[in-house]
Structure formats: C-alpha cells, structure tokens
Amino acid sequence: MKKHLLFSLLALFSVQLFAQIGGISGSKLRSYCVDVVDHHHIEFEPAFYYGQSRYNWNNDKELQSSFLSPDSVNRYSGVGMRFTYGLFDKLEVGVSIPLDMKTGLFGARYVLMQNKEVGLALMGGINIPMGEGNFNRGVKTEDNTTQIGIGGVFTYQKGEKFSVDANLEFDRFLKEPTSTKTGTIYTSVDAGYYVFNHQLQLISAVGYEHSHLETTLNQSRLTIYPGATIEGKNFIIVLTFPFDVYGRNVNKTTGFSLALTLTFE
C-alpha cells in the first residue's frame, strides 16, 4: 500500500514538473528559440503525446520498480493546441491549452538583440487553472493555483544548417500549495542540423528540471530528447522521443510526441 501511495505522489509530481511557460513558438524540441512569429502572422499547432513508466527514482536517487507486479505499467497521453501571434517584429504572444482545458498557459517572448550568429530574448508567462469541478478556494493545490514564470533564451546560428538554442527558466506558484513546492528551475539545450535542402532538421536536446519543496522531498529529472522536424512552405512536423536518464522522486518515463505547426498570414 505504501508503495502504491508513493507511486501516486510521484505521478502527480511528474506532471507538475512539466508545467512550463507555454503559448510561444520554437524551432526545435525542448528549447525555445530567439526568433518570434512574423508580424501579423499566426501559428496554430495541434499536438499529442504518449508516455509510459514502470520505474521511479526515490529520494536517494535509486531506481526502483513502481509496482509489485513486473507486468504492470503506467501509461499517460494527451492532446493540446497552441495559438501564437506575431504582435510586433520583436514580440509574440500566445496561449497553449490542453484538450481537457485543465490549465491555460499564456506566454510572451521579446527579442532583446539578434544578429546573424547570436540572439537573446526574454520570455514570461502565467499558467491559470481552468478545469471543471468543485474546488475549495481556501485549499491551495498544484491543480488550482496560478503559476508564473520568467526566463531567458539564447540562440547561436552557424551558417544556414547548424544552430543551438539554450533556455533558462524559473516558475513559481503565486500562493504556496499544500505540497509546499516553492518553485521549479528548468534548463535545456537543443542542437539542430539541416539536411535535404533545409527540409529535414535532425535534433538532439537535453533538459534538466529541479523543484524545491520546503520538506526534504526535492525533485529533479534529466531527460534526453532525440527527434527531428520536417519543414514545408507553411508547416512544420515535429517528432520527439524523450527518455529520462536520471532523477529524484520522479517517475522514469519514455515516450513520443507529434506536433503539426501551421502558419497563416
């Protein structure tokens, strides 16, 4: 019973660990790029993801089975949509919404500087609970508490084929939830290389997340993201196959996601 309770808590923590700034565009897998959506253009991106987990890392960073039976597995999946608008030449705004409307992720990105090789941008956002049901407003949980985030974006471009994007982000709940989580730090690096006349981009990415709780139960996760983008005139297909390689108090997951980015003038 204690093992199943721990697994349930880890499953909840694992979902919350991915609640980042949303609504803004990107050119790779895990990290956002400095480029924003063109002025008066809009991006629409439906996406779905699937993952599964059989193991978890405990508080001592030891990998252990999440179930009593070796045949058991936890599977999760979801569908979401993103709308991003190029408000100005250096500013984009947007929203990401899952199909269950549990949370609305509103975000913006502003380009501080950009030349042929290097670019810097700021991003920020707010995640607002929007789910249905009965809630006690006096009891703050991670499901009913608003979260804000701010971060920086760095892009390095070498010629027309190779580029690197790096992100650093900090998210925090406006009011402390019952889990006593105070905030989460995200950092990631994506490297991409174009082949076949700029139609296919091969990408490798790594992301690290760390959440601090006022108890001793801190959470962390290191994930590798291999994948690719297939690009046409007004669309991009994004394929990602993430898998976790290190963690603490989180599930060890593997999965894949598919997104279709459409651009309209």
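User: Which residue's backbone oxygen does the side chain of R109 reach?

Analyst: This is a predicted model, in which local features need pLDDT of at least 70 and side-chain atom pairs count only at pLDDT 80 or more, while totals for chains, interfaces and linings use all residues. Residues are numbered from 1 along each chain as its sequence is written, and side-chain values use heavy atoms, with hydrogens and water left out. A polar contact is a pair of N or O atoms within 3.5 Å, where within protein one must be able to donate a hydrogen and the other to accept it, and residues adjacent in sequence count only if both atoms are side-chain atoms. At 2.4 Å, the side chain of R109 reaches the backbone oxygen of D35.

User: Is R109 buried or exposed?

Analyst: R109 is found in strand 5, residues 103-114; strands are DSSP runs of E of at least two residues, helices are runs of H or I of at least four, and both are numbered from the N terminus. Buried means under 20% relative accessible area, exposed over 50%, and partly exposed in between, with a 1.4 Å probe and protein chains only. The relative accessibility of R109 is 0%, so R109 counts as buried.

User: Which residue's backbone nitrogen does the side chain of E92 reach?

Analyst: E92 is found in strand 4, residues 91-98, and is buried, with a relative accessible area of 0%. Contact means heavy atoms within 4.5 Å. Leaving out residues up to four places away in sequence, E92 touches several residues, including I24, V36, V37 and R109. At 2.7 Å, the side chain of E92 reaches the backbone nitrogen of V37.

User: What distance separates the C-alpha atoms of N251 and N56?

Analyst: N251 lies in strand 14, residues 250-264. At 3% relative accessibility, N251 counts as buried. N251 and N56 are 195 residues apart along the chain, and their C-alpha atoms are separated by 4.0 Å.

User: How many strands does the chain have?

Analyst: The secondary structure of the chain includes one helix.

User: What share of the contacts with a separation of 6 or more comes from residues 24 or more positions apart?

Analyst: Buried residues make up 41% of the 265 residues in the chain. The C-alpha atoms fill a box of roughly 55 × 40 × 30 Å along the principal axes. Among contacts with a separation of 6 or more, the share from residues 24 or more positions apart is 60%.
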